[in-house]
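Subject: Structure handover

Hello,

Here is the structure for you to look at. My notes on what turned up follow below it.

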Amino acid sequence: MHSNGQTNWIEVDLGAIRHNVRRLREISGVEVMAVVKANAYGHGLVDASRAAVEAGATWLGVARIDEALALVREGLHARPIVLGYTEPERAAEAAAAGVRLAVYEREVAQAYSRCAGQAGQPLFVHAKFDTGMGRLGHSPQDGVEFVRWLGGQPGLQVEGVFTHLAEADEPHKPTTLSQLARFEALLAGLDAAGLRPQYIHAANSAGTLNFPQARYNLVRPGIAVFGLQPSETSPLPPDFRPALSWKARLASVKMLPPGHGIGYNFKYFTSREERIGVVTVGYADGFRRRPGNQALVRGKRVNVVGGVCMDQCMLQLDGVPEAQIGDEVVLIGQQGSESITAEEVARRWETIDYEVVCGLGARVPRVYR
Ligand SMILES: Cc1ncc(COP(=O)(O)O)c(C=O)c1O
C-alpha cells in the first residue's frame, strides 16, 4: 500500500466541494455565500474556500475577523463577511481589507463608524435581524429606523440585510414561515422607505433546500457545501458528495491471551485469544471517548475496544486476520464497499455531524485531493 507518511490525516475531496457548490448554485438560482467558518467546518479554511470560489461562490462567510483576513490575504475573488460579532477596534482593518461586518446594535455600529473613518474607506455592513432565533440581531419591528440610522453613520455603507433561521431543517414546523413573515414585513417597510439594500439573505443549507422563498438574492449554505446533511429530518439531495474522510494507521497487531485487560483502567478484557490492533487515532485528534466506536480495516467494520487514549486506541481484529501494521484505517469515509459517515459517528456520539467535523483536531493534517 502506498504511504503518504502520515499516521492520522483528513483527506478533503475538493472536487466534492466544487460539485456541491455548483449544485447549490443550480438549485438556488442566486449568488452563493459558502459559509467556511471554523476552518471550513474542519475541512481547512483556505483550500476549501478556494474550491468553493472556483465553483462560483461569490461570498465567503466566517465567524471571526481573522478568518476573513486570512481569506483576503489569499487573494480569493469573493466578498468576505463576518456573520457574528466583531470588536470595534478591528473595524478599520475590516474596512481596509474589504471585509463586511454584521451590525445589529447602535452602540457597536457607532464605534465601527468612528474606527472605519480612520481607514479612509467605507466599511460595508449587513444589518442583522433577529426574526425569531433568539440569537444575534436587531428587532425587526423598528428595523426600518435602524437601517435608516445606519445609512447616516459616516464611514458605513449598508450593503445587506439578513436574518438567520432556527429550524429550517424541520420543514414541517411553523417556525420558518413565521420568521420569514417577520422578515418580509421588514423588507416591505424598507422598500416603502426606499431603503432596501443590494443584498437580502436568510437561508442556511436547510433553508436553501427546503424554503425557496427564503433564497432572496443570496443564500448562505455551510454544511451542504461539505456534502453533509443539515439534520436527520433534512437530508441532502442524493447526488451531494461528502468531502471529508478521516484516516489513521494500524501501529500494531498482536494476539492476546484470554482475560487480558485492554487500555487504561481495563474497560475491555479479552474473552478468548483475541487479535488486537492499535490504531493511531486518539481523543487529541477528536476521536471521542464514547462507547461503540467503529472503524474500517481492509474493507471490514471492526469495533474499538477499551478506552480511547490521547493518541491511539485499540481495535478487535478477529474478523480481519490479514490486517498488518501500516494498514490504512478509516474512521470516517469509504473503504471497499463499506463506509462510515460523519452522520453515523454523530449518532454514536449523541451529537450532530457539524460538531463531529468541527471537532477534528487541529494537529490532524489536511490532505487535499
Ligand atoms: C449566520 C449563519 N448563516 C449560515 C450558516 C450556515 O449554516 P449551515 O451550515 O446549516 O448551512 C451559519 C452556520 O451556523 C450561520 O451562523
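Of the 369 residues of the chain, 55% count as buried. Buried means under 20% relative accessible area, exposed means over 50%, and partly exposed lies in between (1.4 Å probe, protein chains only). This is a predicted model: local features need pLDDT of at least 70, side-chain atom pairs count only at pLDDT 80 or more, and totals for chains, interfaces and linings use all residues. Residues are numbered from 1 along each chain as its sequence is written, and side-chain values use heavy atoms, with hydrogens and water left out.

**Overall layout**

The chain has eleven helices and 19 strands. Both are DSSP runs numbered from the N terminus: helices are H or I with at least four residues, strands are E with at least two. The C-alpha atoms fill a box of roughly 80 × 45 × 35 Å, taken along the principal axes.

The chain is divided into domain 1 (14-226) and domain 2 (244-340). Those bounds come from an automatic or database domain assignment. The C-alpha centres of domain 1 and domain 2 lie 42 Å apart.

Contact here means heavy atoms within 4.5 Å. Take the contacts between residues at least 6 apart in sequence: 68% of them join residues at least 24 apart.

The accessible surface of the chain comes to about 15400 Å². Carbon and sulfur atoms account for 50% of that surface. The areas come from the Shrake-Rupley method with a 1.4 Å probe; for residues, only the protein chains shown count as cover.

On charge, there are 39 positive and 39 negative, and their mean positions are 2 Å apart. Lys and Arg count as positive and Asp and Glu as negative, while His and the chain ends are not counted. Each charge is placed at NZ of Lys, CZ of Arg, CG of Asp or CD of Glu.

Asparagine 20 lies in helix 1 (residues 14-28). Is asparagine 20 buried or exposed? It is buried, with a relative accessible area of 0%. Not counting residues up to four places away in sequence, asparagine 20 touches Ala224, Val225, Phe226, Gly227, Phe240 and Arg241.

Helix 4 covers residues 65-73. Its buried residues are Ile65, Glu67, Ala68, Leu69, Ala70 and Leu71. Their cover includes helix 2 (37-41), helix 3 (45-54), strand 3 (59-62), strand 4 (79-82) and helix 5 (91-97). Glycine 75 follows helix 4 and has a positive phi, near 70°.

In helix 7 (residues 143-151), Gly143, Phe146, Val147, Trp149 and Leu150 are buried. Seen down the axis of helix 7, these residues fall within an arc of 160°, so they line one face of the helix. The arc is that of the directions from the helix axis to the C-beta atoms. What covers them includes strand 5 (100-103), helix 6 (106-119), strand 6 (123-129), strand 7 (156-163) and helix 8 (175-192).

Isoleucine 276 sits in strand 13 (residues 274-279). At 3% relative accessibility, isoleucine 276 counts as buried. Beyond its neighbours within four places in sequence, isoleucine 276 has contacts that include Ser252, Val253, Leu256, Ile262, Val305, Met314 and Leu317.

Phenylalanine 266 is in the loop between strand 11 (261-262) and strand 12 (268-269). Its phi is near 45°, a positive value in a residue other than glycine. Phenylalanine 266 is partly exposed, at 48% relative accessible area.

Arginine 298 is in the loop between strand 14 (294-297) and strand 15 (300-305). Arginine 298 is not a glycine, yet has a positive phi of about 50°. It is partly exposed, with a relative accessible area of 37%.

Glutamine 324 is in the loop between strand 16 (313-316) and strand 17 (328-335). At 48% relative accessibility, glutamine 324 counts as partly exposed. Which residues does glutamine 324 touch, not counting those up to four places away in sequence? They are Leu250, Val253 and Arg298.

**Three distances, C-alpha to C-alpha**

- Glutamine 324 and lysine 254 are 70 residues apart along the chain and separated by 9.6 Å.
- Glycine 189 and alanine 284 are 95 residues apart in sequence and 51 Å apart in space. Glycine 189 lies in helix 8.
- Isoleucine 276 and glutamate 184 are 92 residues apart along the chain and separated by 60 Å.

Best wishes
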